[in-house]
Structure formats: C-alpha cells, structure tokens
Amino acid sequence: MDFNFTEEQLALEDTISRFINKDYAFEARRKRVASEEAYDRNAWNTYAELGILALPFHEDLGGLNGTPLDTYLVMKALAPGLILEPYVSTVVLSGGLINALGTAEQKETLIAGIADGSVTYAFGHYEPDFRYLEKMVSTSATKSANGWVLSGQKAMAIDAPSASQLLVSARTSGATGDEEGISVFLLDPATPGVTLKTYKTHDGHYAADIVLDNAEVPASALLGEEGKALPAIMDAIAQTNVALCAELVGLIKALNDATLEYLKTRKQFGVAIGTFQALQHRMADMAIAAEQANSMALLAAIEMQNKSLQHRIFKASGAKAYISKLARKVSQEAVQMHGGMGVTDELNVAHFFKRVNLINTMFGDHDFHMQRYSDMLDVPLN
C-alpha cells in the first residue's frame, strides 16, 4: 500500500500550517479566548476560502470529494493553533450526520451552507444520565398538527452557543435504550421552548446543555427517515473521534516541539537542562509516542473508508483509547519538564495540555473506548 500523500494533499496541509503560524499565533488566540466572541468569523471565512469546510462532501453537493485521510491532514495541521472555530462540530460531526441521514433536498441545501461558511451547527445527543451511550435517548419527539414537539435535555453540546442551527436527537418511538426509534431534528436555537445553558470549557470553547420544553418544529425539521438515526449517529461519532485523534497527533507534535526548545534554552547549573540524560530519555519516550500516535491515527483514517459500520466503530474506539493515553502521557511530561511555568496561562504548553484533556473526554473517554474495543474483539464484523 502506498502511504505517500498526493501533492495536492501536502499543499493543503502546508497552506493550513502557514495560516496557523501567521494568523493564528498563540498571543492572538489568547486574546480571542479572553473576548466574548466564541470564535473568529474572519478565520471561519478563511477556512471556507481554503476549501476545508467543503472538503469531506461530494462534489454534487458543492464539496471537494475529500476522504477521511484529507480530514486527518486538516485536523493535524489545525491542532497547533488550538482553533476556537466549530470545525469539528459543523463539518465532521453535523456534516457527517446530514450527509448520512438527510434527504436529497436536505443535503443539497444544508451542506451548501456548511461548505460556504454561512451556517454553523452543533449536535446535541448525549443526555445527563447516560454518559457516552449512543442509544440511551430519553428526549421525546411527539407528532403534532404542525410537525413535532420536542421535550428533554441534552448535555454538553460543544459549540452550541455560537451555532446558527442545532441538530438534536429525540425518540419518536420505543423505550430508552432501544436501538430503533431514534430520530434527528434540525431546529433554530431561537425556537420557543429551546433554552441553552451556556458555559465555557477549560480549553476556551463554549458548550451548552440544551433544554427542550415542548419546543415545536415543523415536519420538515426531521432529518431523513423517522426512527432510523442510530447507525448514522454512531458512524458520525466514530468519524469525529478519528478526526480528534488526528488533532491529538498534531498536539503531541506541538508539545514535543515546545518541550525540546525549552530543554535547549533553559539553563541550570550553567548548562542547558537538555544535556541531562534523564530528561533526554523522557524526551525520547515522547518522540516514540508521537510516532506511535501518528501511525495509529493514520490507520484509523484509512479504516474509516471500510464499508462495515461495525468495523469503523471498532477501529475508531481502538484508536481513541490508544492515542488518548499517549497524548495524556506526553502532555503530562511536557508540563513537568517545563516546571511551574508549565501550568501558567502565558505558556502555550498549558493550553495544549487543556485541549488534550478535553478531547480525551469528548465522545467517549479512554475507559469507555477500551471497554467497547474489548467487547467487540470477539464479535464478527460484517
């Protein structure tokens, strides 16, 4: 198998990296975090101009026919900038759901809005009592004369406060825990009966708990076929986890680069601390972890093109469990080798550390995915 990227892919990665280095420098990002703006609209428009908002979608929908490998390159290149824009929420997660579930008309309209940067999305799925369990949906959707009435609560919908449109899952039939009967609805955050309990995550993003109190939406708000959304939800979350694995790879590299530079310049007892053999050994372990994480993330991206949903979920869980553990180890080592400075707001390493820890809890933590991976080891994959 040829593991070399095409010239176009490498050019895109280089363009994104140059944008991050020039226009998304650390101090500029810190100012954005301190402001009340959830993200930089100018940066979002730049993403649209670069084509990365349209990248994963078919050209018939205004996309660029990108693959999970292209998303891997984009996420890895964006990682050092610690971007605040809702790229994962809008393009990977919500875009993946729309692409999988939507009717032809819905896909044509909604994906065009993602591709040109005019619309941002957030997906509310997990509920307060059912952490990480995709089929545990108690939020209800009841048919009404004008469409559907939604009631329930969604926990920690990343980027929901700044989203122009929300996607939420709700049960149209069956009992909590049934695989059948889950649907996805599109709704405006300003819809009566929709309340967002907004808060800031420790990596600078905004999230919200979505409370639905008899929120009425039209029949056209149903995304695709009624009650058949769970496979698409699980696939979108698997694809999202693989994209986040690629971001972790980029964060590991950024942590290693920053730590290596610090070891070269920080002096103790009249010499650079990088000359101390104990620290060299730890830095070598971090470099090995970077290669291991990159190989696993690349493999996971390749496996996301497998036709079997079970296979994709299996590989995504394995990658998330493995890479999240490596990223946590590297980030802890980086903070420790920077000493007390490693946890200060003025140092980028502290912000990388925060982002790593948030990613490690998003869409399933290490223990959850390790358990799922173990459970699926002996299950025949279709």
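1. Let's start inside: 18 residues line the largest cavity, and Glu85, Val88, His205, Glu247 and Arg355 are the ones nearest its centre. A cavity here is a set of points, on a 1 Å grid over the protein atoms alone, where a 1.4 Å probe fits but cannot get out, and lining residues have an atom within 4 Å of a point. The space in this largest cavity comes to about 160 Å³, a volume being the space filled by probe spheres set on the points, which are joined across faces, edges and corners.

2. Before you go on, keep in mind that this is a predicted model, in which local features need pLDDT of at least 70 and side-chain atom pairs count only at pLDDT 80 or more, while totals for chains, interfaces and linings use all residues. Residues are numbered from 1 along each chain as its sequence is written, and side-chain values use heavy atoms, with hydrogens and water left out.

3. Which helix gives the most to the lining of the largest cavity? Helix 5 does, with four residues. (Helices are DSSP runs of H or I, at least four residues, numbered from the N terminus.) Sorted by class, this lining has twelve nonpolar, two polar and four charged residues. (Ala, Val, Leu, Ile, Met, Phe, Trp, Tyr, Cys and Pro count as nonpolar, Asp, Glu, Lys and Arg as charged, and the others, Gly among them, as polar.)

4. How many cavities of 30 Å³ or more does a search of the whole structure find? There are three. The second largest cavity has a volume of about 50 Å³. Look for Glu134, Met234, Ile237, Ala238, Asn241, Ile313, Ala316, Ser317, His369 and Arg372 around it. Helix 7, helix 9 and helix 11 each give two or more residues to that lining, and helix 7 has the largest share, with four. By class, the lining splits into five nonpolar, three polar and two charged residues.

5. Now for the pockets, which are open sets of points with protein on both sides within 12 Å along at least five of seven lines. The largest pocket holds about 630 Å³. Its lining counts 26 residues, with Pro56, Pro68, Gly96, Asn99 and Gln239 nearest the centre. Helix 4, helix 5 (87-101) and helix 7 (230-265) are the elements that supply two or more of them. The classes here are 14 nonpolar, ten polar and two charged residues.

6. The second largest pocket has about 460 Å³ of space. It is lined by 18 residues, and Glu134, Lys135, Glu179, Met234 and Arg372 sit closest to its centre. Ten nonpolar, two polar and six charged residues make up the lining.

7. Last, a helix pair. Helix 1 (residues 7-23) packs against helix 4 (residues 68-78) at an angle of about 20°, and their axes are 8 Å apart. That makes the two helices roughly parallel (angles under 35 degrees count as such). Axes are lines fitted to C-alpha atoms over the stretch in contact, and angles run from 0 to 180 degrees between N-to-C directions.

8. Who touches whom? With contact meaning heavy atoms within 4.5 Å, Gln9, Leu12, Glu13, Ile16, Ser17 and Ile20 of helix 1 meet Leu69, Asp70, Leu73, Val74, Lys76, Ala77 and Leu78 of helix 4. Eight of these residues are nonpolar, two polar and three charged.

How values were computed. Parallel < 35°, antiparallel > 145°, perpendicular 65-115°, else oblique.
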